[in-house]
Amino acid sequence: MATESSGPYLVAALLCEKVLQEKDETLSIIRMVDRIAVTVNALGSSETMPPTVVNLNALISLKSGSAKGRGTVKWRVETPSGLRLPDQLLPVLFEGDDRGVNLIIVLNMVIDQEGVYWFDVLLDEQLLTRIPLRILYQRIGQSG
């Protein structure tokens, strides 16, 4: 692959509710997300957060620059406790210049911890960026 200063270049890496991809390959990002509040009624709820399903999309957009050839994007998730979930490997092809790749990853995760989840984006084992997602557990209302 090319050197660091010649590409490929990271254009975007984010979490959102939805990514729309039109026929002409243009993208629309709907509701960028970096924090989710899991809210429950304090009456009868646990002090610890119950398992909760989170449905999000991740967008990773790269432009080739002078890079040409195949590579592998690695998507890595780290929980607030430091546990690393299994990596997801995504093959990419760089065609040079302004050509690039857009990866849309559907995240259907069951979360059970408060804190920051980190989503790492690596290209051929080189870390490009880390995306944080803060999960807050809130018990509301009278508890007694």
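1. Glu 78 and its surroundings. Leaving aside neighbours within four places in sequence, Glu 78 is in contact with Leu 83, Arg 84, Val 116, Tyr 117, Trp 118 and Arg 130. Contact here means heavy atoms within 4.5 Å. Glu 78 is found in strand E4. Strands (E, at least two residues) and helices (H or I, at least four) are DSSP runs, numbered from the N terminus. Glu 78 counts as buried, at 18% relative accessibility. The classes are: buried, under 20% relative accessible area; exposed, over 50%; partly exposed, in between (1.4 Å probe, protein chains only). The side chain of Glu 78 also makes a polar contact with the side chain of Arg 130, at 3.5 Å. A polar contact is a pair of N or O atoms within 3.5 Å; within protein, one must be able to donate a hydrogen and the other to accept it, and residues adjacent in sequence count only if both atoms are side-chain atoms.

2. Basis of the model. This is a predicted model, in which local features need pLDDT of at least 70 and side-chain atom pairs count only at pLDDT 80 or more, while totals for chains, interfaces and linings use all residues. Residues are numbered from 1 along each chain as its sequence is written, and side-chain values use heavy atoms, with hydrogens and water left out.

3. Arg 130 and Asp 120. Arg 130 forms a salt bridge with Asp 120, and the closest N and O atoms are 2.6 Å apart. The pair links distant parts of the chain: Arg 130 is in strand E7, Asp 120 in strand E6, ten residues apart. A salt bridge is a side-chain nitrogen of Lys or Arg within 4 Å of a carboxyl oxygen of Asp or Glu. Asp 120 is buried, with a relative accessible area of 4%. Arg 130 counts as partly exposed, at 33%. The two residues are also bridge partners, Arg 130 being the one in E7.

4. Strand pairing around E7. Strand E6 (residues 115-123) runs antiparallel to E7, joined by nine bridges. Two strands pair if DSSP finds at least two bridges between them. The hairpin of E6 and E7 has two residues between the strands, and Asp 124 there takes a positive phi near 50 degrees. Strand E7 (residues 126-140) pairs with strand E3 (residues 35-41) as well, in the parallel sense, over seven bridges. In that pairing, Ile 36 stands opposite Ile 135 in E7.

5. Other salt bridges. How many salt bridges does a search of the whole structure find? The search finds nine. One of them joins Arg 139 and Glu 47, with the closest N and O atoms 2.9 Å apart. Arg 139 lies in strand E7 and Glu 47 in the loop between E3 and strand E4 (52-78), so the pair ties together parts that are 92 residues apart in sequence. Glu 47 is exposed, with a relative accessible area of 64%. Arg 139 is partly exposed, at 28%.

6. Lys 74 forms a salt bridge with Asp 87, the closest N and O atoms being 3.6 Å apart. Lys 74 lies in strand E4 and Asp 87 in the loop between E4 and strand E5 (88-111), so parts 13 residues apart in sequence are tied together. Lys 74 is buried, with a relative accessible area of 11%. Asp 87 counts as partly exposed, at 34%. Salt bridges that share partners join Lys 74, Arg 76, Asp 87 and Glu 125 into one network.

7. Nonpolar cores. In soluble globular proteins, nonpolar side chains tend to be buried together. A nonpolar core is a set of buried Ala, Val, Leu, Ile, Met, Phe, Trp, Tyr and Cys residues joined through side-chain atoms within 4.5 Å. The largest has 32 residues, of which Val 73, Trp 75, Leu 107, Phe 119 and Leu 133 touch the most other members. E3, E4, E5, E6 and E7 are the elements that give two or more residues to this core. A second, separate core of five residues includes Leu 14, Cys 16, Val 19 and Leu 59. Leaving aside neighbours within four places in sequence, the contacts of Leu 133 include Leu 15, Val 33, Ile 36, Leu 56 and Phe 119.

8. Overall layout. The protein has zero helices and seven strands. Buried residues make up 39% of its 144 residues. The C-alpha atoms fill a box of roughly 65 × 35 × 20 Å, taken along the principal axes. Among contacts between residues at least 6 apart in sequence, 68% join residues at least 24 apart.
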